[in-house]
Amino acid sequence: MMQIGQDLVDMDLDAIREYSALHAKPSGLVLQYGTAGFRTKAEHLDHVMFRMGLLAVLRSKQTKSTIGVMVTASHNPEEDNGVKLVDPLGEMLAPSWEEHATCLANAEEHELLRMLMDISVKAAVNLHQDAFVVIGRDTRPSSEKLSQSVIDGVTVLGGQFHDYGLLTTPQLHYMVYCRNTSGQYGKATIEGYYEKLSKAFMELTKQAFCSGDEYRSLKVDCANGIGALKLREMEHYISQGLSVQLFNDGTKGKLNHLCGADFVKSHQKPPQGMEMKSNERCCSFDGDADRIVYYYLDVDGHFHLIDGDKIATLISSFLKELLLEIGESLNIGVVQTAYANGSSTRYLEEVMKVSVYCTKTGVKHLHHKAQEFDIGVYFEANGHGTVLFSKAAETKIKQLAKELEDKKREAAKMLENVIDLFNQAAGDAIADMLVIEAILILKGLTVQQWDALYTDLPNRQLKVKVADRQVISTTDAERQVVTPPGLQEAINDLVKKYKLSRAFVRPSGTEDIVRVYAEADSQENADSLAHAVSLAVFQLAGGVGETPQPGF
Ligand code: NG1
Ligand code: ZN
């Protein structure tokens, strides 16, 4: 205790106090390190950024590794912002440090030094260790200034840093991973990222039989975000295999406004600003390019959404075929959340015969579960996901790619390229896009054929405002409500009134609302069930403002 106290004294307490005052916390403001870090209106975040700079230094000292700090609020409105820390292997911050982050962000000015000391003691941080932090940010107008505040926090605690400037979230994860594996995984530069992914993509697709133009061109809605800048930079690396046409590239529209993966998924309609002809393959990224959904218009002009569930299905069936070809029985598990469409779960289990698991919302939960398999495929329905290969599976596949012959060897090499495309990041829209495009080319599948694997049950997602969303607690991977009393019974009674129906509610981890999800045999019924459940939430969980109205 004394020793740590002494170390803090060495750290120039006056400077910390002085800098902190320049990034003062509005008193009384309380924020949580949620499923995606801190997220709120940009004007409330300056002190949080400074303090996350401080925390990143402590985490870096403790792990003796490079730590990442990403400034973004992903799919949320342009006025919002957020910050999250990236752990040494490109993973999400460890849970005990999420708690430290919350404590540090909420400490009043006069408590800050004490809190830094507490965290250092609790986490046994050696304050004499060097610290290195890498920083990335999205294209929000507020991001540049906020990332400067992160840098202030890093430098005042004596940490060194590299500011990558504009990056997608998965690119920052990549940089962190590369730096902590001494470049073995790839070069920790933006060119290194493009080279690594494009090489794997070009190798994967070079065997492709179908080379018609319809397979080689893709329209991409970039949500007016960072994805546009980065895809444009990457374009020429992949142009021999795929030509991308960018929309909502940020030159006109507002970030995530009426466009982007979240808009398309939740409104179940095309983004604005995209010219779609029937049967053309289109996709949308979200604001920091870690989510992707596909879609197309059929000849009657009907919109078809291909969400994360169908992406997981396409990828896992491809992987299963390759494993069959090489004759290895590595186990594949698919991990979903309660938002997965009921049809997808049925198809995966009954037709594809793969094991499917359900976890709580938030990629960290899916990621954790996926680590239990040789090959863990995980996607949230909203299009955030990836494939994890265990170290043992990776070694085995790489060995087989050398030993096997002919077709078997080709299959093993393809798996090797898939491993290279899915970097360690918890979901990367660019990597997902390249894998999906490669599979479609290799299998000669049109977007309609992919869509026709199974038919989604009509569904609806709604939000309800309540005074305190924490009054709702859940169990069974969020599919059942525990409190407030009576709510689950009410939902059960409503669900019984419809065919092929299912509904659940949970407090959002990123917004101050309760989310309602319902599916049923028709869109009308899904809408009606979602509305009825919203009313039950409003009445039994302390709804505020206007009573939920039917219609959207
Ligand atoms: P919340 O707000 O907890 O529902 C949303 C998404 C998550 C995840 C996080 C992080 C839905 C229903 N929820 O979480 O899947 O992506 O944001 O960005 O899509
Ligand atoms: Zn995102």
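This briefing walks through the domains, the zinc site, an aromatic cluster and a few local details of one protein model. The model is predicted, so local features need pLDDT of at least 70 and side-chain atom pairs count only at pLDDT 80 or more, while totals for chains, interfaces and linings use all residues. Residues are numbered from 1 along each chain as its sequence is written, chains are lettered from A and ligands numbered from 1 in the order in which they are written, and side-chain values use heavy atoms, with hydrogens and water left out.

**Domains and annotated spans**
- The protein splits into domain 1 (1–166), domain 2 (193–304), domain 3 (308–432) and domain 4 (459–541); these bounds come from an automatic or database domain assignment.
- Between domain 2 and domain 4, the C-alpha centres are 33 Å apart.
- UniProt, in an unreviewed entry, puts "domain: Alpha-D-phosphohexomutase alpha/beta/alpha" on residues 61–101 and 128–178; its positions are given in the numbering used here, feature names are shortened, and annotations may be inferred rather than shown by experiment.
- Residues 61–101 come out as 24% helix and 32% strand, with 15 Å between the end C-alpha atoms.
- Residues 128–178 are 47% helix and 25% strand, and their end C-alpha atoms lie 24 Å apart.
- Helices here are DSSP runs of H or I with at least four residues, strands are E runs of at least two, and both are numbered from the N terminus.

**The zinc site**
- Ser74 (OG), Asp286 (OD), Asp288 (OD) and Asp290 (OD) coordinate the zinc ion (ligand 2) at 2.0 to 2.1 Å.
- Donors are N, O and S atoms within 2.8 Å of the metal (3.2 Å for Na, K and Ca), and sites may look incomplete because water is not among the atoms.
- Angles among the four donor atoms run from 88 to 168°, and the site is irregular.
- For that label, four donors count as tetrahedral if all angles lie between 85 and 135 degrees; four count as square planar and six as octahedral if opposite donors are over 155 degrees apart and all others between 65 and 115; anything else is irregular.
- In sequence, the donor residues follow the spacing S-x211-D-x1-D-x1-D.
- The unreviewed UniProt entry lists Ser74, Asp286, Asp288 and Asp290 under "binding site". They span 217 residues in sequence, yet no two of their C-alpha atoms are more than 8.1 Å apart, so they gather at one spot.
- Asp286 sits in the loop between β8 (282–285) and β9 (292–297).
- Asp286 is buried at 0% relative accessible area, Asp288 is buried at 0% and Asp290 is buried at 4% (buried means under 20% relative accessible area, exposed over 50%, partly exposed in between; 1.4 Å probe, protein chains only).

**Aromatics**
- The whole structure holds 13 aromatic pairs (ring centres of Phe, Tyr or Trp, using its six-membered ring, within 6.5 Å; planes under 30 degrees apart are stacked, over 60 edge-to-face, the rest tilted).
- One of them is the tilted pair of Tyr174 and Tyr185, at 6.0 Å centre to centre and 55° between the planes. Tyr174 is in helix α7 (residues 169–180) and Tyr185 in the loop between α7 and α8 (190–205), so the pair ties together parts that are 11 residues apart in sequence.
- Tyr174 is buried at 0% relative accessibility, and Tyr185 is buried at 18%.
- Tyr174, Tyr177, Tyr185, Tyr193, Tyr194 and Tyr237 make up one aromatic cluster.
- Lys196 has its charged end over the ring of Tyr185, 3.7 Å from the centre (NZ of Lys or CZ of Arg within 6 Å of the ring centre and within 35 degrees of the ring normal).

**Around helix α5**
- Helix α5 (residues 112–122) has Leu112, Leu113, Met115, Leu116, Met117, Ile119 and Ser120 as its buried residues.
- Just after α5, Ala124 adopts a positive phi of about 50°.
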